[in-house]
Structures are given as C-alpha cells and as structure tokens.
Amino acid sequence: MEEKIPYRFVLSEDQMPKQWYNLRADMKELPPPLLNPETLQPITKEELYPMFCKELAHQELDTTTRYFDIPEEVLDIYKVYRPSPLMRAYNLEKALGTPAKIYYKYEGNNTSGSHKLNSAVAQAYYAKQQGLSSLTTETGAGQWGTALSEACGYFGIPLTVYMVKGSAAQKPYRKILIQTFGADVVESPSMTTEAGRKILAEMPNTTGSLGCAISEAVEKARTSENSKYVLGSVLNQVLLHQSIIGLEAKKAMELLDEQPDIIIGCAGGGSNIGGLIAPFMKEKIEGKTNTRFIAVEPASCPSLTRGKYAYDFCDTGRITPLAKMYTLGCDFIPSANHAGGLRYHGMSPIISKLYDDGYIEAISVEQTRVFEAATLFSRVETILPAPESSHAIRAAIDVALECKKTGESKTILFCLTGSGFFDMSAYDSFLNKTMSDYIPSDEDLQKGFAKLPKV
C-alpha cells in the first residue's frame with residue numbers, strides 16, 4: 001500500500017549494479033559517428049588515443065557491448081556513497097496539492113556534491129591503470145572539477161582544471177575545494193595556452209565558456225608528457241558511467257512496485273539525464289512502456305530547444321573531434337548573469353539523437369523561475385538543491401500542477417543532481433531580487449549557426 005512507501009528508499013550494497021549499461025546497443029538508429037576534424041571521416045580508437053585513455057576511447061566508440069563490468073576498484077569507491085537514495089517528495093506533493101506522486105534520485109550525498117563523481121572515479125581509475133602522469137579537464141559551475149579532483153586525489157594523479165572565468169568569480173569556494181583535493185585551477189580563458197591567448201586577443205573581456213576551457217585543457221594534455229584529457233559530460237563514455245543512476249532508480253522503483261509515467265532531468269551536456277533515463281529508455285524503445293522523458297535546459301543556453309542539429313566542434317578552439325549534436329555553435333558564450341551550470345554550447349550525441357527521433361521532449365526555463373522552484377523545494381524537502389538540479393525541479397512542479405488541474409495521478413521521477421551549498425551568491429541574487437533573466441535573440445544565435453562547419 002502507498003502508506004508503506006518510505007520517504008527515503010535505499011538499495012542494499014549487494015543490490016548496487018555491478019555493470020554500466022550502454023544504451024547505444026539497443027537504439028534503433030545510432031547517433032552519427034564522431035569525425036576526425038582533419039579528414040572529416042569517422043574517427044578511430046587509435047585517433048582518439050592522443051586525447052583519451054585507451055579504455056575510455058574504446059568505451060566512447062563501442063556501440064554493441066550492452067553491459068560493461070564496473071572494475072572492483074571503482075566499486076570500492078562507489079560503495080562509500082552509493083547506492084544513492086530514491087526519495088518520495090511527500091512534502092512537496094502536499095505543498096502543491098497535487099495527486100501526482102513525485103520521486104527524485106538524490107545524487108548530492110558525496111563530497112563533490114553531485115552525480116559527477118560517478119564518471120570521475122571511473123576515468124581516474126583508467127588513467128591510473130594506464131600509468132598516466134597527469135590529467136587535464138575543464139569545469140563550468142565546478143561540480144565536475146570538484147569530482148575529478150576528488151577522484152584524482154584518491155588515485156594520486158596530478159590534475160589541472162581549467163575553470164570558466166565567470167564561474168570562478170561566482171563560486172570562489174568551489175575553486176578552493178578543488179585545490180583542497182590537490183588539483184591546480186586555472187581560470188579560463190588564460191594566458192597559459194595558445195588557445196587561451198587567441199581567445200583573449202579576440203574577446204579580451206570574455207567571462208569564458210566551457211568550449212574555451214575545453215580548448216585549453218586539450219592543448220595542455222597534448223603538450224604535456226604522458227598526460228590525457230578527460231571530460232565530465234556530453235561524451236558517450238560519460239553517459240555510460242552515469243547509467244548507474246538509472247539502473248539504481250529502476251531497481252528501487254521496481255521494488256516499490258512503481259513505474260514512472262514521466263522522467264525529468266536537467267540538461268546541459270547530457271550526463272545526468274542520459275544516465276537517469278538509460279534503462280527506462282530501453283523499455284520505451286522496445287515498445288514495453290510509453291514513458292515521457294523531458295529534458296530541461298536554461299533559456300539562456302537553449303541548445304536542444306533552439307539549437308541546430310549539426311556537426312560541430314566540441315570546443316571553441318576547434319581542435320576536438322566533430323560531433324553531430326544540437327548546438328548553438330562552439331563560439332557561444334552564455335550571458336555573464338547565468339547563475340548555474342548547464343552552459344555547454346552543445347548536447348550529448350546520444351541525447352541529441354533521441355530528441356531528434358522524438359523519444360525525448362525538451363523545454364527551456366528562465367533562471368528566476370528555476371530559483372522559485374529551488375526555494376520552494378528547499379523549504380518543504382529540507383535539501384538545498386543546486387541550480388542545475390532545480391531546472392528539473394521546476395519542470396516536475398509544473399507537471400505536478402498540471403496533474404492537479406486534470407486530476408490525474410501521474411508518477412514523476414527526476415534526478416536531483418546535487419546540492420547547492422556553493423551557489424549561495426545566486427540564491428542571494430534571487431532572494432534580493434537582483435537576479436535577471438537573459439534569453440538570446442534569434443540574431444544572437446544566428447551568429448553561431450553561421451560559423452558551423454560545412455560537413
């Protein structure tokens with residue numbers, strides 16, 4: 001009976017998945033392949049080796065292996081903070097007066113404060129196994145940089161993090177936390193790389209973007225001995241590692257005898273929504289369910305809802321492979337007043353393909369509406385959500401209120417990707433009514449579309 005469903009349900013350690021799930025093995029049509037930027041031909045594993053660890057390059061291109069065993073050393077770290085809880089938002093339901101049932105998978109119960117640690121641990125492990133001397137990466141709002149610094153600190157791997165300059169200014173304590181785990185932080189764009197110097201010469205007052213930071217991190221890896229670059233979202237390998245979120249959520253809901261009607265995730269590069277929906281999407285592709293999947297992105301960086309489905313570079317410096325994705329153009333830089341993450345110019349090729357094929361819906365929301373949802377959620381559910389997560393909360397609230405109007409009792413599941421303790425300046429801006437919304441005009445976006453590669 002419903003009253004027996006707890007507020008907080010956690011799988012036992014023995015019930016935690018021991019394999020990652022590769023959704024591409026069950027997709028009816030695969031995402032178009034990554035292209036070598038020099039030849040414009042599908043890229044090979046060997047061509048990815050200068051950038052990625054060998055095992056990660058293999059995972060990136062593998063479209064047939066359905067399940068990958070999670071290494072024991074990775075499982076040992078996962079067990080410190082996983083399985084993560086599946087929460088029933090009874091108090092939010094009551095506050096909304098909705099007949100809908102709202103569940104959320106909470107990924108903030110680790111020091112990094114987000115789901116990003118799931119892939120960071122895996123990537124650091126493979127780097128250690130390959131005997132690498134160092135790693136480089138980028139970070140926007142700071143969750144990925146924190147998670148990877150935590151993982152690299154555990155495995156004893158030196159790490160350089162290029163942090164988007166605007167985010168570093170908004171979240172100085174994120175920078176300090178990254179440094180606490182032993183990583184070096186460089187605000188991007190910087191004068192330490194050729195890519196950074198070029199970007200600053202063209203845009204001296206820029207607050208930076210993930211595309212800029214990626215260019216610098218890739219260059220740093222390529223010019224450092226025995227070093228590789230790692231990415232925290234977008235890539236197939238990352239969505240593979242994050243599938244543990246969805247696998248745990250699906251198992252928990254089955255044990256509770258629940259089936260979600262609507263699954264919601266915030267969407268920036270696609271890592272959390274890709275991980276959350278993977279096992280549920282398998283059933284929809286197979287025709288076993290008719291679940292709605294909703295991707296929620298910021299109105300200030302609307303790659304799915306207003307972007308072009310085209311091949312584009314993954315970085316501003318145009319040195320990475322080309323991916324076919326929904327993109328705003330690799331030069332796109334979100335407004336400086338954008339408070340959260342979800343600021344990447346493109347979307348995961350897997351998520352882009354599912355959206356283009358009609359399996360996923362997408363909406364964009366203004367940040368003031370996002371923080372309205374965040375403050376309500378924090379007051380009734382006693383968890384301070386990250387701004388990124390709050391995009392999913394906003395959509396879950398709106399769907400629940402629609403259920404209130406229609407009287408339908410839908411079951412909603414969303415991913416609460418992390419906590420918001422490093423986002424207090426953004427909360428302060430909202431509470432003091434100094435926060436504003438910025439929505440790029442069609443003219444603004446057309447500038448990026450005009451520079452898309454001719455592929």
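In this predicted model, Gly196 belongs to helix α9, which covers residues 194–202. Is Gly196 buried or exposed? Its relative accessible area is 0%. Because buried means under 20% relative accessible area, Gly196 counts as buried. Apart from neighbours within four places in sequence, the residues in contact with Gly196 are Pro189, Ser190 and Glu216. Asp442 is 246 residues from Gly196 along the chain, and the C-alpha atoms of these two residues are 28 Å apart.

Helix α9 also takes part in the largest pocket, where it gives five residues, the largest share of the lining. Helix α10 likewise supplies at least two residues to this lining. The pocket holds about 340 Å³ of space. Its lining is made of 15 residues, and those nearest the centre are Ala195, Lys198, Thr316, Gly317 and Arg318. By type, the lining of the largest pocket has eight charged, four nonpolar and three polar residues.

Rolling a probe the size of a water molecule over the atoms shows where empty space is left. The model has six cavities of 30 Å³ or more. The largest cavity has a volume of about 380 Å³. Around this cavity are 30 lining residues, with Lys116, Leu210, Ser233, Gly269 and Leu342 nearest its centre. Two or more lining residues come from each of strand β6 (134–139) and helices α6 (143–155), α10 (210–222) and α12 (271–285). Which types of residue line the largest cavity? The lining consists of 16 polar, ten nonpolar and four charged residues.

Key: Residues are numbered from 1 along each chain as its sequence is written. This is a predicted model: local features need pLDDT of at least 70, side-chain atom pairs count only at pLDDT 80 or more; totals for chains, interfaces and linings use all residues. Side-chain values use heavy atoms; hydrogens and water are left out. On a 1 Å grid over the protein atoms alone, a cavity is a set of points where a 1.4 Å probe fits but cannot get out, and a pocket is an open set with protein on both sides within 12 Å along at least five of seven lines; lining residues have an atom within 4 Å of a point. Grid points are joined across faces, edges and corners, and a volume is the space filled by probe spheres set on the points. Helices (H or I, at least four residues) and strands (E, at least two) are DSSP runs, numbered from the N terminus. Ala, Val, Leu, Ile, Met, Phe, Trp, Tyr, Cys and Pro count as nonpolar, Asp, Glu, Lys and Arg as charged, and the others, Gly among them, as polar. Buried means under 20% relative accessible area, exposed over 50%, partly exposed in between (1.4 Å probe, protein chains only). Contact means heavy atoms within 4.5 Å.
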